[in-house]
Amino acid sequence: MAKKKSSKKLLGSILSGVTILFAIVAFCMIFVKSVKVMSGENEVLSFTGAQTVFGYTWKKEVLGTTLSAKILDFSFMNLLPYLLLIAGILFAALGYAGKIGFLMNILATAAFVVAAVFFFLAPQFVVVAESGSSIVDSAVNSIVSALKDDGAAVAIGGILASVFSAIAAVCSGLKIFVK
């Protein structure tokens, strides 16, 4: 009997560790391109998770002058999956260490599932900056209009973050049944 309990405890520890590991890897996808702008079959431009969350300003050095145009603004809805991952990590850690592990693992599973869905919806949550009237802004208008006209798609970082978050959700969900 004691051996069976210790093997279940070991399995619970492994599931908690794997859950937290995959959630951390999913969070690290903030540095990989998560949204790409497509023109037909070709990728025109891509944005990392950090750029889709906090905004992006295009800058180019031309003849000693720096040209810049704001393309993306801050997006809370693109920040939300990363916040949910952090909350899920905290819930999973509390579920491992605390007395209310059942509730914490349910909350962690829910946070990871919602984060996985939101990673796939990142192109819809991108906040496109208002374009100005300068020459540089008019040159960037084609990219901005492509973003507004659903020319944006999920890139590899968003897909991987969603998959890793789903794996973390499965591991956290399995942890509910291991006592």
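## Close-up views of a predicted model

Of the 179 residues in this chain, 40% count as buried. The model is predicted, and the legends below walk through it view by view.

View 1. Starting at the N terminus, you can follow the elements in the order α-β-β-α-β-β-α-α-α-β-α-β-α. Look, too, at how the chain meets itself: among contacts between residues at least 6 apart in sequence, 68% join residues at least 24 apart.

**View 2. Three strands make an open sheet, in the order β2-β1-β6.** The pairing here is antiparallel. Which strands stand at the edges? They are β2 (42–48) and β6 (152–154); each has a single partner strand, so one side of each is left without a neighbour in the sheet. From one strand to the next, the twist averages 35°. As a general point, strands of a sheet pair through backbone hydrogen bonds.

**View 3. β1 and β2 form a hairpin with two residues between the strands.** Six bridges link β1 and β2 in the antiparallel sense. To find your place, look for V37, which stands opposite L45 in β2. In this hairpin, G40 takes a positive phi near 70°.

**View 4. β1 also pairs with β6.** Strand β1 covers residues 33–39, and its antiparallel pairing with β6 runs over three bridges. A handy landmark is K36, whose bridge partner in β6 is A153.

**View 5. Helix α7 lies across β1 and β6.** This helix spans residues 156–177 and runs at about 135° to β1. Keep α7 in mind, as the next view returns to it.

**View 6. Helices α4 and α7 cross with their axes within 8 Å.** How are the two helices oriented relative to each other? The axes of α4 (residues 101–120) and α7 cross at roughly 160°, and α4 and α7 are therefore roughly antiparallel to each other. Their crossing is left-handed. On the α4 side, the residues making the contact include F102, I106, T109, F112, A116 and F120. On the α7 side, I159, S162, A166, A169, G173 and I176 are among them. Sorted by class, the contact of α4 with α7 has 15 nonpolar, seven polar and one charged residues. You can look for K175 of α7 in this contact as well.

Technical notes. Residues numbered from 1 in each chain as written. Predicted model: local features only at pLDDT ≥ 70, side-chain atom pairs only at ≥ 80, totals over all residues. Heavy atoms only, no water. Pairing = 2+ DSSP bridges. Helix = DSSP H or I, 4+ residues; strand = E, 2+ residues; numbered from the N terminus. Axes fitted to C-alpha atoms, helices over the stretch in contact; angles between N-to-C directions. Contact = heavy atoms within 4.5 Å. Parallel < 35°, antiparallel > 145°, perpendicular 65-115°, else oblique. Left-handed = near helix turned anticlockwise from the far one by under 90°. Nonpolar A, V, L, I, M, F, W, Y, C, P; charged D, E, K, R; others polar. Buried < 20%, exposed > 50% of the residue type's maximum accessible area, 1.4 Å probe, protein only.
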